[in-house]
Amino acid sequence: MGSTEVVIKTTKLIQQVCDRLRVVQSHQKSYDYRRRSDIEFQVGDFVLLRVLPWKGFVRFRRRGKVGPRYIGPFKISARVGNVAYRLDLPNELSQIHNTIHVSQLWKCVTDEDAIVSLDNIQVDESLNYIERPIAGLDKKIKVLRNKEVKLVKVKWQH
């Protein structure tokens, strides 16, 4: 075998390897694009902030499995580039940079009726407040094997 034959054979093998790599990459790309959803937020939207990567850095109330995965909601104050947003973070989170990548954010979907204004709540010295029932909305009897349980749906003050 001459040196030109070796070069031609090596070139063919390299071309074959490159073709196979392109096929594998296109397969992986199609799998990735199937699950991809481009997320965009508007300035003024509320988002939750993912805290799992900071497990050893910042503690949020609890450790391990029972620790929160997302905290918030925080308001988006500005868009920085294509994939980053600036958040209005409270002073307790001053050690975290306020520009966050979109992969670390989760859209906060809230019901406006579920928001409780803190002005109406009166808290005593032991940080307790009294909930008062306003009306009974519905009654139902749930039948179990040996007994019946009466259920009442109540509308509370707050």
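Hi everyone, let me start with a definition: two strands count as paired if DSSP finds at least two bridges between them. Strands here are DSSP runs of E with at least two residues, helices are runs of H or I with at least four residues, and both are numbered from the N terminus. With that in hand, I141 stands opposite K150 in β7, and G136 stands opposite V154 in β7.

A word on where this comes from: the model is predicted, local features need pLDDT of at least 70, side-chain atom pairs count only at pLDDT 80 or more, and totals for chains, interfaces and linings use all residues. Residues are numbered from 1 along each chain as its sequence is written, and side-chain values use heavy atoms, with hydrogens and water left out.

Now the overall layout. The protein has one helix and seven strands, and along the sequence the pattern reads α-β-β-β-β-β-β-β. Buried residues make up 14% of the 158 residues; buried means under 20% relative accessible area, exposed over 50%, and partly exposed in between, with a 1.4 Å probe and protein chains only. A contact means heavy atoms within 4.5 Å. Among contacts with a separation of 6 or more, 42% are between residues 24 or more positions apart.

β6 (residues 133–143) and β7 (residues 148–156) run antiparallel, with nine bridges between them. A hairpin of four residues joins β6 to β7. How many of the 11 residues of β6 are buried? The number is zero, so β6 lies largely in the open.

Next, the aromatics. Rings of Phe, Tyr and Trp (its six-membered ring) pair if their centres lie within 6.5 Å; planes under 30 degrees apart count as stacked, over 60 as edge-to-face and the rest as tilted. Searching the whole structure gives two such pairs. In one, the ring centres of F41 and Y85 are 5.5 Å apart and the planes sit at 75 degrees, so this pair is edge-to-face. F41 is in the loop between α1 (3–35) and β1 (46–50), while Y85 is in β3 (residues 84–88), so the pair ties together parts 44 residues apart in sequence. Both F41 and Y85 are buried. In the other, Y70 and W106 have ring centres 5.6 Å apart and planes at 45 degrees, so that pair is tilted. It links distant parts of the chain, with Y70 in β2 (residues 70–80) and W106 in β5 (residues 105–107), 36 residues apart. Y70 counts as partly exposed, at 33% relative accessibility.

Let's stop at I100, in strand β4 (residues 99–101). Is I100 buried or exposed? I100 is buried, with a relative accessible area of 6%. Leaving aside neighbours within four places in sequence, I100 contacts L49, V83, A84, Y85, L87 and L105.

Last, the largest pocket, with a volume of about 270 Å³. On a 1 Å grid over the protein atoms alone, a pocket is an open set of points with protein on both sides within 12 Å along at least five of seven lines, and lining residues have an atom within 4 Å of a point. The lining has 14 residues, and S37, D38, I39, V83 and V102 lie nearest the centre. Thanks, everyone!

Note on methods: 1 Å grid on protein atoms, 1.4 Å probe; cavity = no way out; pocket = protein on both sides within 12 Å on 5 of 7 lines; lining within 4 Å. Points joined across faces, edges and corners; volume = space filled by probe spheres on them.
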